[in-house]
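Let's take a friendly walk through a protein model, with the cut-offs spelled out along the way. Please have your viewer ready.

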Amino acid sequence: MGLFSKIREGLRKTRDAIFGRIDQMLKSFTKIDEELFEELEELLVMGDVGIETSEKICDELRKRIKQRGITDPSLIYGLLAEVITEMLQGGQELQMNTKPSVILVIGVNGVGKTTTIGKMAARFVKEGKKVTMAAADTFRAAAIDQLQIWAERAGADIIKQNEGSDPAAVVFDAISAAKARGSDVIIADTAGRLHNKRHLMAELEKINRIIDRELPNADKEVLLVLDATTGQNAVNQTKEFKTAAGITGIVLTKLDGTAKGGVVLAIREELDVPVKFIGVGEQIDDLQPFEPEEFARALFGADEMEEAVPTVEQLSAQPEETPTDSAPEERKVSAEMEAIWAQIDAEAAADAEQQNTAASMPAPTAEEVAQQKETERLEREKRAEERQHRSKSKYNWSTTPAADTTTDDDWFEKWKKGDE
């Protein structure tokens, strides 16, 4: 199976559960209106893209649709792929220009952290790099043994001490060994931790001080490993670790077992943290460097990405055509488009006028404010019920694929016994 095929198959659940339904929804509309954007935003939010990112995507689509004069709702799918690809661009390459470079791997227990390190080491060794692994997770039972097996399988060196040893001392020994052996990269495993565990965060700070002191000019990546099946909880973890540990990138595992792959967009756009690797399977070569274009092609399907939506520059560069019998039809389409945007602009102007009128009126009493809030709450609940009923009947949400509950430890035990 080729590289793109692996990513495409790994994202199948997300593609079928979210973007397949978006395509179905767009094809059900005969014109572009505000109801279309409302339903599109709902589907994106349901796919763990996040409210803020979903709103930004829809705003950008409105702008490009107006710029390019698009009237066919089916063309929005290709335009959506274009917007998402651009949003994911930037920062995904690992900074590993020094010898040695350091990769410090953190994350909570159960996300596949140690397995990710093993797969990462195997990839680097295959690329011709000499790898030293530091078994600095000295608290979790069998973590050192697990990393030892991964090191042997990957063909990497490993530096370890006894269980319960000082993790910073292990990292210090690994740096010394890497210098002596001419290693290209040091990958340090660390104990699973939460951002609010003070002693573990203090330990991480100590490790960072050791690295900065012993390798002051070395490139250093601090990668947070996240489980994609947790959806929006992964966004919250990233937010906390970004503040507490200064992470430089994300490794998102178990994308093949969930329909929540849209969380990649939320992490990239809302938190400005790049995704460096994605896990799309259990095999040793299923940890793939994150490539935005390939990821978007896999989410939307390669065929859809081939149907490029013309850009503003391409449209302006086209030569003017001699009027033909089809000119009246073209003018009709143009008139329809102008009418749509005139209506949208009129609604925006009406909203602005209403806000100005409200601002000039005397301040409402507390009773009037309470009554207004209650009325708005009832209207929101009514609209939410209508949208939920419409979405369930149109897209059949009951068929959403269930997430794979196989844990990282289950896979490791099978692999260790030779079953994989």
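Which strands does helix α9 lie across? Helix α9 (residues 198-214) lies across β1 (101-106), β4 (185-190) and β5, and runs at about 175° to β1. Axes here are lines fitted to C-alpha atoms, for helices over the stretch in contact, and angles run from 0 to 180 degrees between N-to-C directions.

## About the model

This is a predicted model, in which local features need pLDDT of at least 70 and side-chain atom pairs count only at pLDDT 80 or more, while totals for chains, interfaces and linings use all residues. Residues are numbered from 1 along each chain as its sequence is written, and side-chain values use heavy atoms, with hydrogens and water left out.

The secondary structure comes to 17 helices and eight strands; helices (H or I, at least four residues) and strands (E, at least two) are DSSP runs, numbered from the N terminus. Of the 420 residues, 46% count as buried, where buried means under 20% relative accessible area, exposed over 50%, and partly exposed in between (1.4 Å probe, protein chains only). Among contacts (heavy atoms within 4.5 Å) between residues at least 6 apart in sequence, 77% join residues at least 24 apart.

## The sheet

Eight strands form an open sheet with mixed pairing, in the order β3-β2-β4-β1-β5-β6-β7-β8. At the edges stand β3 and β8 (287-289), each with a single partner strand, so one side of each is left without a neighbour in the sheet. From one strand to the next, the twist averages 25°.

Two strands pair if DSSP finds at least two bridges between them. Strand β5 (residues 220-227) and strand β6 (residues 249-253) pair in the parallel sense over five bridges. Here Asp227 stands opposite Thr253 in β6.

Helix α2 (residues 12-28) packs against helix α12 (residues 292-300) at an angle of about 70°, with their axes 8 Å apart. The two helices α2 and α12 are therefore roughly perpendicular to each other. For reference, angles under 35 degrees count as roughly parallel, over 145 as roughly antiparallel, 65 to 115 as roughly perpendicular and the rest as oblique.

Thr14, Arg15 and Phe19 of α2 make the contact with Ala298, Leu299 and Phe300 of α12. These residues divide into four nonpolar, one polar and one charged. In this scheme, Ala, Val, Leu, Ile, Met, Phe, Trp, Tyr, Cys and Pro count as nonpolar, Asp, Glu, Lys and Arg as charged, and the others, Gly among them, as polar.

## Salt bridges

How many salt bridges does a search of the whole structure find? The search finds 23, a salt bridge being a side-chain nitrogen of Lys or Arg within 4 Å of a carboxyl oxygen of Asp or Glu. One of them joins Asp59 and Arg62 (3.0 Å, N to O). Both residues lie in helix α4 (residues 51-68), three residues apart, about one turn of the helix. Asp59 is partly exposed, with a relative accessible area of 46%.

Asp137 forms a salt bridge with Lys113, their closest N and O atoms being 3.9 Å apart. Asp137 is in the loop between β2 (131-136) and α7 (143-154), and Lys113 is in helix α6 (residues 113-126), 24 residues apart. Both Asp137 and Lys113 are buried. Lys130 and Asp157 also form a salt bridge, with the closest N and O atoms 3.3 Å apart. Lys130 sits in the loop between α6 and β2, and Asp157 in strand β3 (residues 157-159), 27 residues apart. Lys130 is partly exposed at a relative accessible area of 32%, and Asp157 counts as partly exposed at 22%. Elsewhere, salt bridges that share partners join Glu60, Lys63, Arg64, Arg68, Glu82 and Glu86 into one network.
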